[in-house]
Amino acid sequence: MLALQRFSAKYGILLLTYSLGGVFLWFGLLKMMGMIPVSTIITLAMPPFITELPGFFMLLGLSEVLIGLGFFFKKTAPYAAILMILHLLVASISVLITQGFSPMIPFLTLPGEFVIKNVVFLTGG
């Protein structure tokens with residue numbers, strides 16, 4: 001048990017940082033390849049003049065890839081964390097306002113669960 005605590009104290013933040021980087025890199029690459037499982041959530045949460053721009057999802061994916069890569073380098077990790085926080089705040093607030101709760105509050109919709117996942121990432125960042 002003590003060895004696990006020492007390991008966690010020594011490597012926990014580093015592993016969390018790499019995990020955030022991996023998730024953002026993965027999700028960003030999926031968007032860049034046109035594989036966007038949350039496209040409906042994003043489209044409903046953002047004004048149409050934004051989501052209908054050519055290359056919107058490609059740029060969104062690229063921003064996530066850059067955030068993800070930023071977490072893998074000590075010098076850029078603090079900047080990646082700031083960009084991640086801004087990115088998740090915009091995404092979370094817009095989704096929560098437009099589609100976060102089912103009519104039977106406090107039950108969350110799928111987009112509401114998306115927001116809760118973002119809150120977990122925000123606390124990790």
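This is a predicted model: local features need pLDDT of at least 70, side-chain atom pairs count only at pLDDT 80 or more; totals for chains, interfaces and linings use all residues.
Confidence comes first. The chain has an average pLDDT of 85, and 91% of its residues score at least 70. Within the chain, helix α6 has the lowest confidence and helix α4 the highest, as tabulated here.

| Helix | Residues | Mean pLDDT |
|---|---|---|
| α6 | 110-124 | 75 |
| α4 | 56-70 | 95 |

Helix α6 is made up of 15 residues, 110-124. From first C-alpha to last, α6 reaches 21 Å, close to the 21 Å expected at 1.5 Å a residue. Its buried residues are Pro111, Gly112, Phe114, Val115, Asn118 and Phe121. These lie on the same side of α6 because they cover an arc of only 165° around the axis. In general, an α-helix has 3.6 residues a turn, so residues three or four places apart point the same way. On the face of α6 turned away from the buried side, the exposed residues are Leu110, Val120 and Thr123.

His87 belongs to another part of the chain, helix α5 (residues 77-99). Is His87 buried or exposed? Its relative accessibility is 17%, and buried means under 20%, so His87 counts as buried. Leaving aside residues up to four places away in sequence, His87 touches Phe24, Leu60, Ser63, Glu64 and Ile67. With one of these, Glu64, there is also a polar contact between side chains, at 3.1 Å.

Conventions:
Residues are numbered from 1 along each chain as its sequence is written. Side-chain values use heavy atoms; hydrogens and water are left out. Helices (H or I, at least four residues) and strands (E, at least two) are DSSP runs, numbered from the N terminus. The expected span of a helix is 1.5 Å times one less than its number of residues. Buried means under 20% relative accessible area, exposed over 50%, partly exposed in between (1.4 Å probe, protein chains only). The arc is that of the directions from the helix axis to the C-beta atoms. A polar contact is a pair of N or O atoms within 3.5 Å; within protein, one must be able to donate a hydrogen and the other to accept it, and residues adjacent in sequence count only if both atoms are side-chain atoms. Contact means heavy atoms within 4.5 Å. pLDDT is the predictor's confidence in each residue, from 0 to 100.
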